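Subject: Structure handover and notes

Dear colleague,

Please find the structure below, followed by my notes on what was found in it. I would be grateful if you could read the two side by side.

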Amino acid sequence: MAVKTETGETVTGKWSRLYGTLYAFIARAMLDGFGDEGERVLRKAIHDYGAYRAAWMRADHQRRGLALNLANLQNLGDMPNTDSLEKDGRVCTPSYFRVTVTECTHNDTWRALDSLEAGIIYCSEVHHPMYEGYSGGSLDLPDYLTKGDRFCTFELKQPGAPEPAAEPKVDTYPEAKIARLYGVLYCFLARAMVDTFGEDGEQALRQALAAYASHAVNDLGEDQVACGWEADGTRLQPVAGKTSVAGQAMYAAWQEVEGEGTPLGHIYFGEIHRSS
């Protein structure tokens, strides 16, 4: 049974909305602050993020002894099956996958934030490297909601895919999966801004995080992303007995991408706490 917040929204749905909101604020900072170069950097960051996810899932499945096929990608990948997507006509086999997505929390979030331009960039850049990079299959994505289509259509093909398809498993803590992706996405966006635009990029990142925290102040509570860590000199560490499962997953994602020092985590930590 899905864990729900006081408003009736599931915890995974809330994290999916926060994921889309965080992306919108940072992406808009790139597009508005750095023009055509900002768009180029944003597109590359999202493409690299998708490729990273493909490599991570491929390595995870090889470690677990799973065949690299489309059924395992969909059923045992890095995303939980949440209420953030409404899916119709799902077909899923080792060599073929097709689904029509009629509602998406990310699309709804970007539309509400007047950030569909950033949403289109995300949808056009992330899916091909993620899905095709996992096992060498091909993705056809003719329709997607962010550009005004009535639905998203995903069709993946992997002729001669290895068998078998493992039995899908229910995630004990599905919010940990989306929280990890939230942390990984932040690292790719933030690193692109800071490495490309230097001090101006870091300042724009800090301003975007502050604006995000002010917008999402009611969501960034102790059981979410504002709290759950403490500064210990130059390091961040989870607070014993306080950090949630999702908070631990996000902290681990920072370490996964950035290493023990979590330098980008310090920027996030400081701005979110200051503004929420």
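Helices here are DSSP runs of H or I with at least four residues, strands are E runs of at least two, and both are numbered from the N terminus. This is a predicted model, in which local features need pLDDT of at least 70 and side-chain atom pairs count only at pLDDT 80 or more, whereas totals for chains, interfaces and linings use all residues. Residues are numbered from 1 along each chain as its sequence is written, and side-chain values use heavy atoms, with hydrogens and water left out.

The protein chain has seven helices and six strands, and their order along the sequence is α-α-β-β-α-α-β-β-α-β-β-α-α. Of its 276 residues, 51% are buried, a term that means under 20% relative accessible area with a 1.4 Å probe, counting protein chains only. Among the contacts (heavy atoms within 4.5 Å) with a separation of 6 or more, 68% are between residues 24 or more positions apart.

Arg 53 counts as buried because its relative accessibility is 3%. Its side chain is joined to that of Asp 78 by a polar contact of 2.8 Å, where a polar contact is a pair of N or O atoms within 3.5 Å, one able to donate a hydrogen and the other to accept it, and residues adjacent in sequence count only if both atoms are side-chain atoms. When neighbours within four places in sequence are left aside, Arg 53 is in contact with Tyr 19, Asp 78, Met 79, Tyr 122, Met 130 and Leu 181.

As for the cysteines, the structure holds zero disulfides, a disulfide being a pair of cysteine sulfur atoms within 2.5 Å. Cys 104 is in no disulfide, and the nearest cysteine sulfur, that of Cys 152, is 6.3 Å away. Cys 104 has a relative accessible area of 13% and is therefore buried.

Finally, helix 5 (residues 174-215) packs against helix 6 (residues 245-258) at an angle of about 35°, with the axes 7 Å apart; axes are lines fitted to C-alpha atoms over the stretch in contact, and angles run from 0 to 180 degrees between N-to-C directions. Residues of helix 5 that meet helix 6 include Ala 179, Gly 183 and Cys 187, and those on the helix 6 side include Ala 249, Ala 253 and Trp 254. Cys 187 is buried, since its relative accessibility is 1%.

Notes
Buried < 20%, exposed > 50% of the residue type's maximum accessible area, 1.4 Å probe, protein only.
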